[in-house]
Amino acid sequence: MPLTVGTAGHIDHGKTWLVRALTGKDTDRLPEEQTRGISIDLGYAPLELPDGRRLSLVDVPGHERFVRNMVAGATGIDLFLLVIDAAEGARPQTHEHLAILRLLGIDHGVVAVTKADAVDGETLELALAEATELVPGAEAIAVSAKTGNGLDELRAALVRAADGVDRAGDDGPTRLYVDRVFTLRGIGTVVTGTLWSGTIGEGDELRVEPRGLDVRVRSVQVHDRGVERAEAGQRVAVAIPGVERDRIARGDALVERGAFPVTYRLDVTLEELEDVPAAVTVHLGTADVPARVARSDRYVQLRLEQPVVAAAGDRVVLRTRSTVGGGVVLDPRPPRRLDAERLGRIERGEAGATVYAPVRAETLSHLGELQGVERAGDWVFSTAWLDDLRERVRAELAAADPLDPGVDAPSATWAAAIVPLLGLERRGSRLYLPGATARIEGADELLAELEASGFTPLKVADSGLARALEQEGRLVRLGGGEAVSAAAYERARELLVGECASAGEITLARFRDLIGTGRRPAQLLLERFDADGVTRRVGDRRVLRRATR
Ligand SMILES: Nc1nc2c(ncn2[C@@H]2O[C@H](COP(=O)(O)OP(=O)(O)OP(=O)(O)O)[C@@H](O)[C@H]2O)c(=O)[nH]1
Ligand SMILES: [Mg+2]
């Protein structure tokens, strides 16, 4: 199982040096990072562990002004590597980063008490004891990035921590929150991120949300190596040519089309660290969006200024100038009014009662077995919704054009699974009552007249009527707005084919004699046979086309 480790810790405590000591890669690549000697944005490096496992390491900045980037880096990681300077001990961002990790549900990891070379033995012991007290569930290891002391112990502790990670929900639809976008010459736009669920491979048709951009994957890399298909949990670079780089940014998500809500509202359970004010920044995935907070009991509704891609069970972090709280998304597509009672039911696993319109079953799968819902294919929805849909379609059918008494079939992503439940007949892209035909005023009279008139065509004044009856196979239109009954056309065709079979050809005069009409009716019928591919003109005679013989 591919795992991602993220650093955490106060500014200057030695995260980037430790990453370099572990991986050989300097992740402070921006010129400003080099000159100021601090990390600003996220850095990435592959990390080989002694058991042969290959992890991805995300290095985050410690500066309080860049906590926003830290959250974007920490989202989607499986393990933390909390770094504490042995001389300084825990400082403000040590605590804030720890709180963010807890809010994101990342509880496996290791604490590295670093710069061990710079302190005496007693100070080091004290620092280790403090670290253990601060993060009781994690091993604390003394290391020095300068001398390399303790790095092997740290790697071994990371292996043990990785063994404890059990990541669920990987097999859902594809979702990757973009953390970087760049252009490569000859390749075009590339986005990177941690694949939260699903897989990504060449040729996949995905969508960048909330932008609504359809993209086609040209190639996929994991740590600079091309792969056929990247799996959930891996850090992935995805080439999506044909999309301008500036149309995508950190915070966007690359997803299976239609699989996730794109939403302006999130109903979440609240975990409060400080008083949560009415205006916060919501961090979800790599996105951060200003929002208003409506509150009821232990629940809040976050009303976002811009939409985000979300699913039930996602974690959010709420910040102002500091981290004030977080929560778990209970409903990513809630009604406008915050309803604590309804959210209580979702939390108690009675989520079925909250489903109305179709949602993909897997987006609710963490809520356990859903009771009292209808299912079709991957979709769950309520009986009430299906009844409403049925009623709506029946009403539309009742009001449909009598010349074509159908309605367009729904084109939503659920349509293929759910339309068959409506008990209607599908003809192309339209739906009809089973066996429905055009109920047309004047049809019966017209057909009776045509029947009586035999091979002699009649002029039909209502061309819409003629077209509708022809679609149903009840008459055949000829030139000049005239028509014959389908039966007469068929009999005439048999006579023609019979004559051609014995004589090899037919003239207009001979055909006229065969059907016993005047010259013009015979002419109109023959032209229609030509058009239908029955006959072919050769001078003033006709022969059968090969297919008819
Ligand atoms: N003596 C000693 N100094 C170290 C060690 N690791 C880091 N340092 C010093 O600490 C400074 C900061 O280290 P970084 O790794 O850049 O710190 P950081 O945690 O990445 O800082 P930000 O990313 O800005 O939060 C370095 O420039 C070194 O001078 C170590 O193991 N021993
Ligand atoms: Mg750094």
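**Close-up views of a predicted model**

**View 1. D224, an exposed loop residue.** At 67% relative accessibility, D224 counts as exposed. Exposed means over 50% relative accessible area, buried under 20%, and partly exposed in between (1.4 Å probe, protein chains only). D224 sits in the loop between β12 (219-222) and β13 (225-227). Helices (H or I, at least four residues) and strands (E, at least two) are DSSP runs, numbered from the N terminus. The phi of D224 is positive, about 65°, although the residue is not a glycine. This is a predicted model: local features need pLDDT of at least 70, side-chain atom pairs count only at pLDDT 80 or more, and totals for chains, interfaces and linings use all residues. Residues are numbered from 1 along each chain as its sequence is written, chains are lettered from A and ligands numbered from 1 in the order in which they are written, and side-chain values use heavy atoms, with hydrogens and water left out.

**View 2. D297, with a positive phi.** D297 is not a glycine, yet its phi is positive at about 60°. The residue is placed in the loop between β19 (287-296) and β20 (299-309). D297 counts as exposed, at 55% relative accessibility.

**View 3. The cis peptide bond from E209 to P210.** Omega is near 0° for this bond, which is cis. P210 belongs to the loop between β10 (205-209) and β11 (213-216).

**View 4. The magnesium ion, ligand 2.** T16 (OG1) and S39 (OG) coordinate the magnesium ion at 2.0 Å. T16 lies in helix α1 (residues 15-23) and S39 in the loop between α2 (31-36) and β2 (43-48), so the pair ties together parts that are 23 residues apart in sequence. T16 counts as buried, at 10% relative accessibility. S39 also counts as buried, at 10%. Donors are N, O and S atoms within 2.8 Å of the metal (3.2 Å for Na, K and Ca); water is not among the atoms, so sites may look incomplete.

**View 5. The shell around ligand 1.** Ligand 1 is surrounded by 18 residues, and the closest are K15, W17, S39, D117 and A145. A residue is near a molecule or strand if one of its heavy atoms lies within 4 Å of it. Helix α1 gives the most to this shell, with three residues. By class, the shell has five nonpolar, eight polar and five charged residues. Ala, Val, Leu, Ile, Met, Phe, Trp, Tyr, Cys and Pro count as nonpolar; Asp, Glu, Lys and Arg count as charged; the others, Gly among them, count as polar.

**View 6. Polar contacts of ligand 1.** A polar side-chain atom of K115 lies 3.0 Å from an oxygen atom of the ligand. A polar backbone atom of G62 is 2.8 Å from an oxygen atom of ligand 1. For A145, a polar backbone atom is 2.8 Å from a ligand oxygen. Taken alone, ligand 1 exposes 650 Å², and the protein buries 85% of that. Accessible areas come from the Shrake-Rupley method with a 1.4 Å probe; for residues, only the protein chains shown count as cover. A polar contact is a pair of N or O atoms within 3.5 Å; within protein, one must be able to donate a hydrogen and the other to accept it, and residues adjacent in sequence count only if both atoms are side-chain atoms.

**View 7. T174, a buried loop residue.** T174 lies in the loop between α6 (151-163) and β7 (175-184). Relative accessibility is 8%, so T174 counts as buried. Its side chain reaches the backbone oxygen of T199 at 2.8 Å.

**View 8. F182 in strand β7.** Strand β7 holds F182. At 24% relative accessibility, F182 counts as partly exposed. F182 and A249 are 67 residues apart in sequence, and their C-alpha atoms are 9.5 Å apart in space.

**View 9. I515 in helix α13.** Helix α13 spans residues 508-515 and includes I515. I515 is buried, with a relative accessible area of 7%.

View 10. L422 lies in the loop between α9 (415-418) and β27 (425-427). It counts as buried, at 4% relative accessibility. The C-alpha atoms of L422 and P92 are separated by 60 Å, and the two residues are 330 apart along the chain. The C-alpha atoms of the chain fill a box of roughly 120 × 55 × 35 Å along the principal axes. Of the 549 residues, 51% count as buried.
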